[in-house]
Amino acid sequence: MSKPHFQLPKVYESQGGWGPTNDVIPLKFQDIPYAPFSKGDKLGRVADWTNPDAQKQDNREVTGRSGRSGFNRFNRDQHQAYGAAFASTFAYTHTEDESSFSVVDNRSANAKKMAIKAAGGGQRGRVQTKEPRANTGGYRTVNQRGGRQQQGRRRYGYKDYDKPQRVRNASINIGADWKMLDEIEFSRLSKLNFGIPEAEDVASYGSVNYYNKAYDRVNTKNDKPLAHIERVKYDTTTSEDPIIQQFMQDNKATVFATDAVLSLLMCSTRTVYPWDIVVKKVDDKVILDKRPGGVFDFITVNENAADPPAETDKDTINSWSALSTEATYINQNFARQVLDNKNQHKFSNPNPFASEDTKDKLASCGYRYRKFDLTSSQAEEDAERMYLMVRTEVDAAVKTGNQTTLMTVRALNEFDPNAQGAGNSLPWKKSLDSQRGAVVAAEMKNNAAKLARWAVQAMLAGAEQLKLGYVARQDPKNNNRHVVLGTQAYKPKDFAAQMNLSLTNGWGIVKAVADMCLQLPEGQYILLKDPNRPILRIYAVSNEDLEANDDESDNDAEGEEKEN
């Protein structure tokens with residue numbers, strides 16, 4: 001008697017990926033199309049035995065209380081596409097003989113009742129015999145246990161599809177002869193990373209006043225009116241800065257910028273409004289500059305809100321341009337009001353922009369020129385190093401013990417809480433003292449780009465503190481009188497971490513833009529944020545084009561002043 005034996009069948013290996021090989025497919029199945037699939041495909045459920053009897057899965061039947069064909073929360077399936085490339089050829093439809101199919105439920109009556117209550121909050125399986133209440137507003141809550149306080153409320157995003165698409169204009173008039181060199185999506189920028197470089201102090205100029213700590217005791221019950229203080233503060237562009245011009249001659253760095261330009265570039269993925277940066281390539285050096293009277297001279301308000309302020313003729317004081325001008329005015333005067341004019345901290349060198357006429361009227365401002373090493377860690381040892389020279393600004397000094405530390409001063413402003421673009425924020429005069437965290441969280445949501453820029457500017461300048469003031473209108477209908485409701489100090493790094501701001505991503509964007517600009521031929525370029533899409537574009541322009549745009553912006557500003 002022979003022993004039983006087992007012969008291993010031949011294993012066919014598929015070289016083309018998943019699925020059967022051509023060697024093992026019978027002839028009658030050779031020409032039938034096959035839907036490929038991958039390991040990552042998500043398959044829907046084949047059969048669901050947990051549905052109540054009233055909820056049918058046949059999509060051709062009218063089910064649920066809504067009366068809509070085939071739509072309820074039981075038969076809704078998130079993953080109905082099978083295979084890597086779903087085709088209608090492989091879609092399965094029920095045949096007519098299956099329409100009478102039913103499941104026999106052999107559970108007890110108590111078990112059925114508990115299952116129906118768990119599935120529908122105690123209301124799902126019952127027959128509706130009463131008319132719906134008139135005060136429900138046409139909406140129902142998913143879970144009835146939470147009471148009826150949600151009935152009649154509008155759901156989040158209600159009728160968002162019905163809103164007209166808001167179209168914005170570019171921050172600069174794009175000429176017909178401008179040549180677009182490159183286009184970068186924000187999704188690509190958000191994936192860039194570069195190690196945070198160490199800052200090296202090169203020079204410091206100007207002087208700052210000490211912070212008046214009496215403003216730390218200001219609250220909603222003890223507010224102070226915002227005063228109008230006349231001071232002179234120079235905001236010179238990068239290319240016109242005499243100190244940077246000297247550094248260029250001495251070959252101290254490769255890329256030159258100010259903290260305003262650099263912070264906007266580092267936080268560009270958070271921005272919504274359009275902006276532009278002037279890029280100048282001169283003698284193998286790159287200058288990141290701004291246009292006079294451009295977006296850098298004004299502060300945005302609720303840029304990241306779900307429904308930001310619009311430019312309308314009906315509400316002129318709450319339009320986005322009027323709010324931007326108001327916020328800029330508040331920031332300038334708040335930073336001057338909270339200082340002690342008697343005590344002053346002087347830097348190594350005097351203000352480089354002051355003249356004989358303005359040296360006694362200068363605002364408190366210190367200019368710190370700092371250098372950052374942008375050389376890649378993968379660069380060869382004998383390769384030329386890339387340095388970034390930045391002109392940073394600090395607004396005040398504060399004494400902590402025996403040491404003097406520097407700070408930047410900024411102000412958040414509230415306009416009309418009920419106006420369009422308010423971002424569903426709490427009224428500050430009622431909630432700032434009792435719900436400070438909720439107010440700050442709402443501001444971080446509605447002004448994510450602005451607050452991120454302020455945090456980056458403070459870190460670039462090496463400031464130990466970022467002092468935020470809360471300034472509101474005395475009357476929501478009047479944008480000329482304001483009151484200071486409180487102040488709060490943050491450490492810039494902690495503030496950035498609280499906002500989930502990635503500094504490595506910001507430096508990665510700066511490194512990528514610097515490398516791209518260094519490869520360009522000598523000339524002038526415009527780095528432009530698309531007004532309606534999250535895209536950066538770079539154009540090659542001439543001096544005449546920039547001068548023509550500057551003249552147009554100056555004429556527009558003069559026209560607005562005459563109208564006012």
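Author: On the surface, D283, D284, E384 and E522 gather in a patch of negative charge. This is a predicted model, in which local features need pLDDT of at least 70 and side-chain atom pairs count only at pLDDT 80 or more, while totals for chains, interfaces and linings use all residues. Residues are numbered from 1 along each chain as its sequence is written, and side-chain values use heavy atoms, with hydrogens and water left out.

Reader: Why is D283 called exposed?

Author: Exposed means over 50% relative accessible area, buried under 20%, and partly exposed in between. D283 has 53% relative accessibility, and therefore counts as exposed; D283 lies in the loop between β5 (276–282) and β6 (285–289).

Reader: How do you know that helix α4 is largely enclosed by the rest of the structure?

Author: Helices are DSSP runs of H or I with at least four residues, and strands are runs of E with at least two, numbered from the N terminus. Helix α4 covers residues 259–266, and eight of its eight residues are buried, so the helix is largely enclosed. The buried residues include D259, S263 and M266.

Reader: What makes β2 and β9 partners of strand β8?

Author: Two strands pair if DSSP finds at least two bridges between them. Strand β2 (residues 199–211) is joined to β8 by eight bridges and runs antiparallel to it, with E200 standing opposite K371 in β8. Strand β9 (residues 387–394) also pairs with β8 in the antiparallel sense, over eight bridges, and there E393 is the bridge partner of Y367. Strand β8 itself (residues 365–373) is mostly covered, eight of its nine residues being buried.

Reader: Why is the contact between D201 and R370 called a salt bridge?

Author: The rule asks for a side-chain nitrogen of Lys or Arg within 4 Å of a carboxyl oxygen of Asp or Glu. The closest N and O atoms of D201 and R370 are 2.7 Å apart, and the pair forms a salt bridge. The pair links distant parts of the chain, since D201 is in strand β2 and R370 in strand β8, 169 residues apart. D201 is partly exposed because its relative accessible area is 44%, whereas R370, at 9%, counts as buried.

Reader: What makes both R473 and E326 buried?

Author: R473 has a relative accessible area of 2% and is therefore buried, and E326, at 5%, counts as buried too. These two side chains form a salt bridge, with their closest N and O atoms 2.8 Å apart.

Definitions and conventions: Patches are made of residues with over 30% relative accessible area and no salt bridge: like charges are joined within 9 Å, nonpolar side chains (Val, Leu, Ile, Met, Phe, Trp, Tyr) within 5 Å. Accessible areas come from the Shrake-Rupley method with a 1.4 Å probe; for residues, only the protein chains shown count as cover. Lys and Arg count as positive and Asp and Glu as negative; His and the chain ends are not counted. The place of a charge is taken as NZ of Lys, CZ of Arg, CG of Asp or CD of Glu. Buried means under 20% relative accessible area, exposed over 50%, partly exposed in between (1.4 Å probe, protein chains only).
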